[in-house]
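Here is a friendly walk through one protein model. Take a look at the sequence and the structure, and then we'll go through some details together.

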Amino acid sequence: MELTWTGVLLLLCILFILFSSFQMYQKKGQLPPGPTPWPILGNLLQRDVLPLYLHYQKLAVKYGPLFTVWNGSRPVVALCGYKVVKEALVDHSEEFGGRTQMPAHNRMFQNKGLTTTDEKKWRELRRFTLSTLRDFGMGKKRMSERVQEEALCLVEEIATTKGQPFDPRRIFASAVSNVICAVVFGNRFDYKDKTFIEHQKIIEYQLRYSVSFLGLVYNTFPKIMEFFPGPHKSIFADAENVCDYIRENVNLHKKTLDPQNPRDYIDCFLLRLEKEQNSSEGIYTHEDLVIVVFGLFTAGTITTSQALLCSLLAMAKLPHIQAKVQQEIDEVVGTNRTPSMEDRLKMPFTNAVVHEVQRYQKGSLETFPRATTCETKFHGYTIPKHVPIVPVFASVHFDPLHWETPEKFNPNHFLDENGQFRKKDAFMPFSAGKRACPGEALARMELFLFFSALLQNFTFSLVGDTKDTDVMSLYMDFRNNQYPLIRAQTFNI
């Protein structure tokens with residue numbers, strides 16, 4: 001009897017594998033070529049395929065600038081090189097402007113806020129958010145002054161290290177996060193605030209998990225993974241704790257709300273929610289507010305603080321570039337005031353260094369894919385509706401057709417023959433098209449003002465033997481918690 005049941009189970013497994021393989025074979029006929037997927041698993045265990053930002057070059061050489069990889073039985077179309085990415089995201093922004101829900105994100109964000117796949121709701125919430133952030137100064141002098149104030153706090157915090165080696169990651173994350181917190185919550189937090197630090201750690205861990213192997217496994221087999229223990233359990237619980245904290249803040253805002261004097265984003269959302277409470281569309285809800293704030297806190301902290309970290313590692317590794325930046329700051333700003341956005345036009349080299357850091361910093365947005373909104377003909381292929389699309393931005397920023405020395409950290413990529421700053425079309429650190437990052441203006445402002453304020457006050461160096469380690473390897477070591485420390489010594493011309 002046991003043998004009979006064993007045979008039945010084995011037969012069912014074989015039939016399931018055959019059925020899955022047949023489904024994948026049917027889908028493959030409509031899609032760009034790519035590495036051969038395994039039944040059920042797809043390319044998940046093929047370490048020379050994923051993550052894409054590490055392996056796209058050899059895949060693009062073999063299959064072309066469009067190729068398909070498989071998360072289990074789910075196809076994902078990768079776009080490589082500036083020409084193809086720009087054509088898809090900008091020239092065909094509507095066709096490639098959808099959003100597909102990854103299971104882990106859907107579990108955390110509940111398909112609400114700016115993560116929603118409801119196109120009408122997403123457009124309205126994005127429009128409201130951008131408008132409100134602008135009202136509170138995003139991209140304007142008022143916001144510039146707020147960032148300058150936080151830059152002074154950051155300088156004071158680093159000065160307490162008194163030239164001793166330190167890990168800058170937590171300080172940078174706190175400084176950057178405080179800017180968006182002031183707009184969203186109406187106040188900043190002390191760098192040693194335990195709740196503030198704990199929430200930063202939760203968000204960082206979530207993002208690391210989302211691009212990890214286990215994160216890929218969860219997104220491939222979410223229903224199966226729910227039956228097993230693992231980091232996903234604590235990640236989802238921690239995300240809910242952050243949401244509970246936001247809910248508490250929303251309730252406090254409701255009790256002290258003055259309709260004539262909204263203090264921050266939460267107040268503005270609550271006023272809009274009250275205005276729309278009789279609407280049947282359900283676009284503005286309390287839970288949407290919580291998830292939008294969660295998203296703003298996440299996006300407004302991690303990416304910019306990591307770019308700031310990478311910029312300081314580059315300066316510590318390349319002291320000749322650091323010295324040139326400091327000389328320009330001294331000539332334009334001096335030592336009696338904090339650098340401002342008005343100074344940026346007069347500081348082309350510093351501006352170029354900030355941009356080159358963003359170009360050179362490889363990262364992964366594979367866990368935030370786009371999706372086709374309709375059946376789309378593109379470069380000779382017919383891509384079905386709702387297929388996930390991953391623009392590989394590393395392939396844009398390292399495209400040899402648009403960068404003179406793509407593998408080298410070279411600020412001259414952003415300088416013309418006269419030493420003046422020049423924009424480059426193949427520069428997309430905030431994505432492009434209709435799904436471009438809504439906080440781009442704020443992030444650009446923060447990076448320039450924080451970076452220039454730090455280089456105005458300190459000279460940075462690495463502690464330990466890093467002679468044979470390049471900038472990108474240093475940055476990846478920091479991300480993987482295998483890092484040398486940084487020393488900040490008071491800068492004097």
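Which residues are buried in helix α12 (residues 265-275)? They are Tyr-265, Ile-266, Asp-267, Cys-268, Phe-269, Leu-270 and Leu-273. Here, buried means under 20% relative accessible area, exposed means over 50%, and partly exposed is in between, using a 1.4 Å probe and protein chains only.

## Before we go on

This is a predicted model, where local features need pLDDT of at least 70 and side-chain atom pairs count only at pLDDT 80 or more, while totals for chains, interfaces and linings use all residues. Residues are numbered from 1 along each chain as its sequence is written, and side-chain values use heavy atoms, with hydrogens and water left out.

Helices (H or I, at least four residues) and strands (E, at least two) are DSSP runs, numbered from the N terminus.

## Around helix α12

What covers the buried residues of α12? The cover includes α5 (119-135), α7, α11 and α13 (286-299), with contact meaning heavy atoms within 4.5 Å. At the start of α12, Asp-264 has a side-chain oxygen that comes within 3.2 Å of the backbone nitrogen of Ile-266.

Two of the buried α12 residues, Tyr-265 and Phe-269, turn up again in an aromatic cluster together with Phe-128 and Tyr-284.

## Rings that meet

There are 17 aromatic pairs in the structure. Rings of Phe, Tyr and Trp (its six-membered ring) pair if their centres lie within 6.5 Å; planes under 30 degrees apart count as stacked, over 60 as edge-to-face and the rest as tilted. Take Phe-96 and Phe-378, an edge-to-face pair with 5.0 Å from centre to centre and 65 degrees between the planes. This pair links distant parts of the chain, 282 residues apart: Phe-96 is in the loop between α3 (82-91) and β3 (98-99), and Phe-378 is in strand β5 (residues 376-378). Phe-96 is buried, at a relative accessible area of 0%, and Phe-378 is buried too, at 2%.

Phe-185 and Tyr-245 also make an edge-to-face pair, because their ring centres are 6.3 Å apart and their planes stand at 70 degrees. Phe-185 belongs to the loop between α7 (169-184) and α8 (194-210), and Tyr-245 to helix α11 (residues 231-255), so this pair ties together parts 60 residues apart in sequence.

## Charges over rings

Lysines meet rings here as well. A charge sits over a ring if NZ of Lys or CZ of Arg is within 6 Å of the ring centre and within 35 degrees of the ring normal. Lys-324 has its charged end over the ring of Phe-349, 4.5 Å from the centre. Lys-362 lies over the face of Phe-398, 4.7 Å from the ring centre.

## An open sheet

In what order do the strands of the open sheet come? The 5 strands run β1-β2-β7-β4-β3, with mixed pairing. β1 (66-71) and β3 are at the edges with a single partner strand each, so one side of each has no neighbour in the sheet.

Two strands pair if DSSP finds at least two bridges between them. β1 and strand β2 (residues 74-79) run antiparallel and are joined by 6 bridges. Thr-68, for instance, has Val-77 in β2 as its bridge partner.

UniProt, in an unreviewed entry, places the feature "binding site" at Cys-437. UniProt positions are in the numbering used here, feature names are shortened, and annotations may be inferred rather than shown by experiment. Cys-437 is in the loop between α17 (393-397) and α18 (440-457), and is partly exposed at 32% relative accessible area.

Ser-473 lies in helix α19 (residues 471-479). Its side chain makes a polar contact of 2.7 Å with that of Asp-470; such a contact is a pair of N or O atoms within 3.5 Å, where, within protein, one must be able to donate a hydrogen and the other to accept it, and residues adjacent in sequence count only if both atoms are side-chain atoms.

The peptide bond from Leu-50 to Pro-51 is cis, with omega near 0 degrees. Pro-51 is in the loop between α1 (2-28) and α2 (52-63).

His-386 is not a glycine, yet has a positive phi of about 70 degrees. His-386 sits in the loop between β6 (381-383) and β7 (388-391) and counts as exposed at 54% relative accessibility.
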